[in-house]
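Subject: Structure handover

Hello,

Here is the structure for your files. My notes on the fold and the charged side chains follow below.

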Amino acid sequence: MTAYPKPYRFTSDQFHRMAEIGLLKKDQRVELIDGEVVYMSLVSKRQAGVVNRVVALLHRLLGEDAIVAVQNPMSVAKYTEAYPDIAALALRDDYYASELPTPADARLIIEVADTSLAYDRDVKVPLYAHGGVPEVWVVDLNGDVVHVYRKPEEGAYTEARTLTRGDTLPLPGTPGAVVKVEDILG
């Protein structure tokens with residue numbers, strides 16, 4: 001019988017401890033994905049601009065009905081701590097200072113993909129589905145579209161659509177609020 005070595009998977013607590021003792025530098029863009037420390041690419045100017053635009057849009061539409069977090073950690077599972085570009089979260093008095101948000105706290109996750117489309121779509125979206133995030137938008141800057149994933153069941157989204165300029169989409173948890181794709185893409 002041949003035994004294969006098993007990789008070691010870090011937990012979220014161990015990931016934080018690595019940062020505390022200096023193994024991970026504060027200015028490094030990293031995530032913990034399924035127990036592995038993943039280095040993220042730098043944010044492009046266009047990506048930063050779209051994130052800023054969407055954050056302003058969400059603040060206008062959501063007002064004080066949600067917390068809009070930008071590139072902040074979310075505890076998706078024991079071995080996964082993702083940093084979504086934007087998260088619309090349920091209100092909490094401490095603004096998640098005592099404990100990271102989880103998928104149960106998320107109303108909407110938005111990833112803005114310049115060079116990371118395959119990673120966002122093939123790695124992060126399934127992780128969000130497994131965690132039960134109700135809706136994820138992946139803004140594809142190169143394709144000039146927004147991919148929408150809804151209704152997670154058994155670790156996968158049962159509804160997936162691609163929207164283009166001229167299309168609108170309802171803002172989850174906010175009856176009557178709609179977002180134009182061109183308002184996201186600019």
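A residue counts as buried when its relative accessible area is under 20%, and as exposed when that area is over 50%. Please note that this is a predicted model.

By that cut-off, lysine 124 and glutamate 31 are both buried. They form a salt bridge, with 2.6 Å between the closest N and O atoms. The pair connects distant parts of the chain, since lysine 124 sits in helix α3 (residues 117-131) and glutamate 31 in strand β1 (residues 30-33), 93 residues apart.

Overall, the chain has four helices and twelve strands. Its radius of gyration is 17 Å, close to the 16 Å from the globule rule for 186 residues, so the chain is as compact as a globular protein of that length. Of the 186 residues, 44% count as buried.

The structure holds eleven salt bridges. Two others, besides the pair above:

- Arginine 17 and glutamate 20 have their closest N and O atoms 3.3 Å apart. These residues are about one helical turn apart, because three residues separate them in helix α1 (residues 12-20). Arginine 17 is partly exposed at 47% relative accessibility, and glutamate 20 is exposed at 59%.
- Aspartate 94 and arginine 92 have their closest N and O atoms 2.8 Å apart. Aspartate 94 is partly exposed, at 28%, and so is arginine 92, at 24%.

There is also a salt-bridge network that links Glu135, Arg150, Lys151 and Glu159. As for charge, the mean positions of the 20 positive and 27 negative charges lie 3 Å apart.

Regards

Terms used
Residues numbered from 1 in each chain as written. Predicted model: local features only at pLDDT ≥ 70, side-chain atom pairs only at ≥ 80, totals over all residues. Heavy atoms only, no water. Helix = DSSP H or I, 4+ residues; strand = E, 2+ residues; numbered from the N terminus. Rg over C-alpha atoms; globule rule 2.2 N^0.38 Å. Buried < 20%, exposed > 50% of the residue type's maximum accessible area, 1.4 Å probe, protein only. Lys, Arg positive; Asp, Glu negative; His and termini not counted. Charge placed at Lys NZ, Arg CZ, Asp CG, Glu CD. Salt bridge = Lys/Arg side-chain N within 4 Å of Asp/Glu carboxyl O.
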